[in-house]
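I opened this notebook to record what I looked up in one structure. The entries follow the order of my searches.

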Amino acid sequence: MTSTSHSHLADGPQSPRRLTLTFNTPSGLRRTTPARFGARVSRRDPQLPQLIRNTLLEDQGQNCVQVRLTAPDAANPAARALLDTEVGTALRLHRAFGGSPAGAALFPKIIGHELDTAEPYLLYEPPRGFAAAHTHVMSATDQRPLAHGLMRALCLLGSQGLVPRGISPSTVLWDGETLQLWGLEAVARAGRPRTRWGRAPYCSPEQRRAEGLIDPRDAVWSAAQVLYQLVTGRPGPADRVPADLASHRVLAETLRGAFAPLARDRPTPAQLLELLDPGASRRLALDVPADEAQPHREAFEQTLRLKRQAPAAEPHDEPDGPGAGQVVCPYCLENIQLDLGSLFVTDSRMQYQPLNPSGIANPLRRQDVMRGAVQKCTADPEFPEHFIPVPYLTYGKPLTIAMVGQSSTGKSHLLTQMIAAITDGGLEPFGLKWQSVNPEQHARFVRERVQPLRNGKVLDHTSGVGLDGFARFVESLLITDAQGQVRPVAFFDLGGEDLVRTDSALRFLLGVDAMVFVVDPALALPLPQLDHAREHLGLEVNRDGDLAFATVLDRLPKNGPYLDVAAAMVLGKADLLRFQPPVDRWLDEAAPTALDPALAREESGDVYALLRRLAGQAWLRPFDSIRRCTLHVSSATGGQEAEGRYPVGAGPRRVLEPLLSLLAMHGLIEVPGGAEAFAVGGATAMEAVPLPEASDSPREETM
């Protein structure tokens, strides 16, 4: 069958007939080959942007079809998201069922993909069979086998938590013996909010109205409508049971409940498969791969149990800590306090001029001037000249947050996008408001860091005055919580590889309130799909963990079995792993409007399991060492850079979640169960029962 036999033909843009392609294979390895393209370009669906054409990969004489986006279409994030979904689904099915010929045959077989390019594409083996849309009425002998294959496909997708929303006569292919289900761009995760997709009568009534959550039984409606059309030669009603269903024996016996308007009233795919072939769903379960991550998630839960059972750390002494009215200077890290005789403001030439606030009689004007004023810090005469915004000194002890990781981890990009998300109002759903500590400094940060990154430019490493190249102050904001309390939040970048054991450095670490440990997947995970990134960045896998993590953790003050600083571990550059479970799931999660402790714990467990299984325990040292620590996936840019730019712009994903966790642990965001339970989980019923005291008398063991 040609690639256009189940497509709506359209005149596509002219393109070269022969090119050299370099793409990722399903195993993660790179493949380069000359390719020859067919002259006919078709559009699979007139309402969708993807184009399809026959292709010959000349290195192996391999026929395939290429699904691609033109450069103008690829500039549309929604179009790229469709192609991402299709590639992610095809790869997931390949990993799950590639070893089962019967299961793999139900879906298109992916050959390769290349998405970080101006015209992204994927390659499939040629479709098998003809689209059901080309069949007016199907023979009675084919009806039951096709229904059987369709339900098997739905069951296998369901085992991966996936629901095909685009089942129609155009996406169901039949070769006379076996079925192949296309339309992978319309696959979505069960439990996500429904969105409008498809056409009546094939999309379910709830899907057409975008009501409720995606349910595997949405696909049962679609499958039933396709089968009804193949049996009767006409489409069924869009919102009810066909009036003549009883006159068609095969349909009446197996699909009567499938036409219920509400998903909850329809049978599941497994129930329909059992009606068609008793015992089939049980046999099909043998094709579903075992969950390799489960032992590692159990290890995560055991680690949390040990943390809950450990005695709380006693407050450490701070003989050299700030006194009343004092804070730590974010530059030289010495203690300072407000000194009205050392204030300055900038003039029209951006030069510092002395300020005497006592000469400003109007209190409103004085408040406004003081907000833009700075104080010259003289706490360390040997340190280069530096100035501190006055609001930083007047709202109590700042909440200091330090980014930790080697220079390759993308800390600067992550922190920039995190601050940008705050200024875009990302904290408002959680009852928090923000304002700049110093409007002039914040405007410079936005101009020099946020705007270039959003425009697709790769940022240089974080610059700024710092301590021996170790602690570099990046930005500070004033955060107001739901009770109206204002607190400065200061962000630092720790270059842990260069830490020198000085009194100032140790004092800074003693006063750090929260840490974000950023994991570079190219350093941590020995996955073939990361080899290209490693080669580009000049990196190698390091099984011993991040040197910066070890350097900082070894110097943090410890009082008890665990370090008591709040922390978040972030698997950064997650776009490199956007098709790797469980990263694919979490990157697709919608931005939260409330913190859900159960969901946060689930993400932490998934990331822990991934790192423990593939990277090794050394990469989990922050989580193992720190009592209050959550784990996250995040992508600051959404794609890989090329020649100093991000080809499709920098699209951040899940950059604010690590900060939300830290703010919750410090009580700035209220969470169900409290900050402690959010950090280490609530005690289980077994933990709540006290252990019996030892006794010399024998007693019967109970379960």
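**Entry 1: Strand 20**

I began with strand 20 (residues 399-404) in this predicted model. I found strand 20 mostly covered, as 6 of its 6 residues are buried.

I then asked which residues lie on each side of strand 20. Leu-399, Ile-401 and Met-403 are on one side, while Thr-400, Ala-402 and Val-404 are on the other. Both faces are covered, and these residues are all buried. I noted the general rule that side chains in a regular strand alternate between the two faces of the sheet.

**Entry 2: Partners of strand 20**

Which strands are joined to strand 20 by bridges? I recorded strand 24 (residues 486-494), which runs parallel to strand 20 and is joined to it by 6 bridges. Within strand 24, Ala-490 is the bridge partner of Thr-400.

I also recorded strand 25 (residues 514-519), which runs parallel to strand 20 and has 4 bridges to it. Here Val-516 in strand 25 stands opposite Met-403.

**Entry 3: Cysteines**

I checked how covered two cysteines are. Cys-64 has a relative accessible area of 3% and is buried. Cys-155 has a relative accessible area of 16%; because buried means under 20%, Cys-155 is buried as well.

**Entry 4: Aromatic pairs**

Phe-344 lies in strand 16 (residues 343-346) and Phe-387 in strand 19 (residues 387-389), so the pair ties together parts that are 43 residues apart in sequence. Phe-344 and Phe-387 are both buried.

I next looked up Phe-549 and Trp-619, an edge-to-face pair with 6.1 Å centre to centre and 85 degrees between the planes. Phe-549 belongs to helix 18 (residues 547-555), and Trp-619 to the loop between helix 20 (597-614) and helix 21 (621-625), so this pair ties together parts that are 70 residues apart in sequence. Phe-549 and Trp-619 are both buried.

I also noted one aromatic cluster, formed by Tyr-331, Tyr-392, Phe-473 and Phe-492.

**Entry 5: Charges over rings**

Finally, I looked up charges placed over rings. Arg-53 lies over the face of Phe-37, at 3.8 Å from the ring centre. The charged end of Arg-585 sits over the ring of Trp-586, at 4.0 Å from its centre.

Technical notes:
Residues numbered from 1 in each chain as written. Predicted model: local features only at pLDDT ≥ 70, side-chain atom pairs only at ≥ 80, totals over all residues. Heavy atoms only, no water. Buried < 20%, exposed > 50% of the residue type's maximum accessible area, 1.4 Å probe, protein only. Helix = DSSP H or I, 4+ residues; strand = E, 2+ residues; numbered from the N terminus. Pairing = 2+ DSSP bridges. Phe/Tyr/Trp six-rings, centres within 6.5 Å; stacked < 30°, edge-to-face > 60°. Lys NZ or Arg CZ within 6 Å of the ring centre and 35° of its normal.
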